[in-house]
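Visitor: Could you take me through this structure and say, for each term you use, how the value stands against its definition?

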Amino acid sequence: MPASTDYSRHQHHEFLAAAGAALADAKLQSALAKLGDTLGQRNRDAFAAMAESDLLRERARAIKDATLAELDRHLETLEASVVRRGGQVHYADDGAAACRIVLDVIRAAGGPRVISAGGLRVVKSKSMTSEEIHLNQALEAEGLEVIETDFGEYIIQVAKQRPSHLVAPAVHLRIGEVAEILSGDAGRPLPADAVELAAYTRGRLRSAFASADVGITGANFAVAETGTIVLVSNEGNIRLTTALPRIHIAIMGIEKVIPKLADLPVFLKVLARAATGQKLSIYTSLVSGPRRPGELDGPDEFHVVLLDNGRSRILAGPLRESLFCIRCGACLNACPIFRNVGGHAYGGVYSGPIGAVLTPLYDGLSANHHLPHASSLCGACQAACPVKIAIPNMLIQLREQLHAEPGELGRLETLAYRCWAWSMRSPRLYRLGTWLAARTLGRWRRRQGWLRRLPGALGGWTSSRDFPAPAPRRFRDWWREEQRP
């Protein structure tokens with residue numbers, strides 16, 4: 001068996017182990033159970049209350065589709081617009097290149113003292129793109145102090161964990177656990193009270209903003225015609241991250257560009273409704289270059305890092321629709337799998353249904369072969385998606401690609417698929433197979449209705465769940481009897 005297959009099998013077992021631990025964690029189950037009734041329900045209510053919301057979603061999808069069709073041209077326009085307003089644009093082929101670019105910008109701004117403990121302080125707003133490239137680890141390895149300023153991200157950073165949700169990174173934690181984490185950070189006991197915990201974190205972060213030299217953000221959108229980076233939040237931390245430090249670095253995937261400022265309201269409306277059920281997020285920041293003469297706040301330097309990291313390859317392939325994603329998290333809230341196992345079980349930066357597509361595309365399908373199968377294909381994700389991404393179809397395509405790779409299927413599994421294909425092509429074989437199943441297993445397990453243990457290699461299925469036994473009477477037999485006079 002190839003080494004890559006050995007690794008992917010290991011990843012599969014890790015996913016099953018993490019999923020099993022999540023199902024057994026009563027506190028996590030309590031937190032996840034509320035997703036469908038809170039964020040998920042707000043999503044549905046917000047779109048239901050909006051007149052012609054379906055047309056708005058179609059419009060957002062059409063803009064994304066048209067933009068990706070001419071992405072090179074829109075990126076050139078964006079670069080020219082940013083430069084015209086006094087900013088600088090950097091292109092990064094992958095995560096390592098993006099981290100080097102950020103470090104080079106900081107070195108150039110701070111001089112030799114940057115690469116030493118106690119050098120420049122970096123504040124960050126929540127950014128899944130920076131998580132994707134593991135930016136915090138790269139900066140901290142160079143002796144820089146990095147502070148997350150989103151409340152949920154700050155909790156996760158102190159706890160040394162990974163975000164478990166695109167929008168609510170600490171959704172897997174209960175308030176008592178948050179109090180324990182922040183008490184360690186404060187050096188004193190903090191009460192399990194949301195207001196008190198938020199007040200402590202606010203005071204802690206205000207001092208960080210006041211002394212920060214560099215602010216790093218992501219970008220929800222980037223308007224090509226104006227060179228504007230658009231950032232949305234509900235906490236106000238992004239305003240301080242972009243306005244107070246003297247250097248602002250925005251890191252964005254190349255798919256985040258939109259052509260015109262007139263396109264922006266479409267996405268702001270669908271993003272807020274899909275993510276949190278709001279008409280608009282509380283703060284929408286439009287950043288267009290460094291501070292100009294006479295302005296009281298804003299950075300002296302403005303840098304935009306355009307990250308590829310496999311996106312060009314995806315754009316040229318059959319799964320380009322995955323680049324429509326606006327990172328709202330709606331598919332996570334709707335997914336029955338995510339709502340049972342949580343985000344950490346997926347193992348990557350991106351979790352939930354869209355993570356089951358993006359992680360194999362970004363990090364390799366063989367190494368993440370378990371993720372396309374982490375779905376019931378119920379379609380709830382596509383129904384919730386504000387740009388109607390056909391996630392179930394893409395998962396099926398990934399499964400097809402995976403099974404076409406040499407060495408991914410064992411001999412028994414290959415034989416099983418061939419037998420199934422033969423029976424599906426031959427009505428006679430199909431009738432014979434269903435007759436045998438009904439006369440043997442169906443009648444044997446007539447009372448229980450379930451097979452609790454399958455033999456040999458098939459035992460992997462029943463190690464964590466039961467298998468439905470065949471019915472003791474075939475549908476065709478029942479229908480024939482019903483048609484008799």
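**Helix α13 and its surroundings**

Guide: Helix α13 is followed by Gly 277, whose phi is positive, near 80°; helices here are DSSP runs of H or I with at least four residues, numbered from the N terminus. The model is a predicted one, in which local features need pLDDT of at least 70 and side-chain atom pairs count only at pLDDT 80 or more, while totals for chains, interfaces and linings use all residues. Residues are numbered from 1 along each chain as its sequence is written, and side-chain values use heavy atoms, with hydrogens and water left out.

Visitor: How do you know that the span of helix α13 agrees with its 13 residues?

Guide: The expected span is 1.5 Å times one less than the number of residues, so the 13 residues of α13 (264–276) should span 18 Å, and the end C-alpha atoms are 18 Å apart, which agrees.

Visitor: Why is α13 called largely enclosed by the rest of the structure?

Guide: A residue is buried under 20% relative accessible area, exposed over 50% and partly exposed in between (1.4 Å probe, protein chains only). In α13, 11 of the 13 residues are buried, so the helix is largely enclosed; among them are Leu 264, Phe 267, Arg 273 and Thr 276.

Technical notes:
Helix = DSSP H or I, 4+ residues; strand = E, 2+ residues; numbered from the N terminus.
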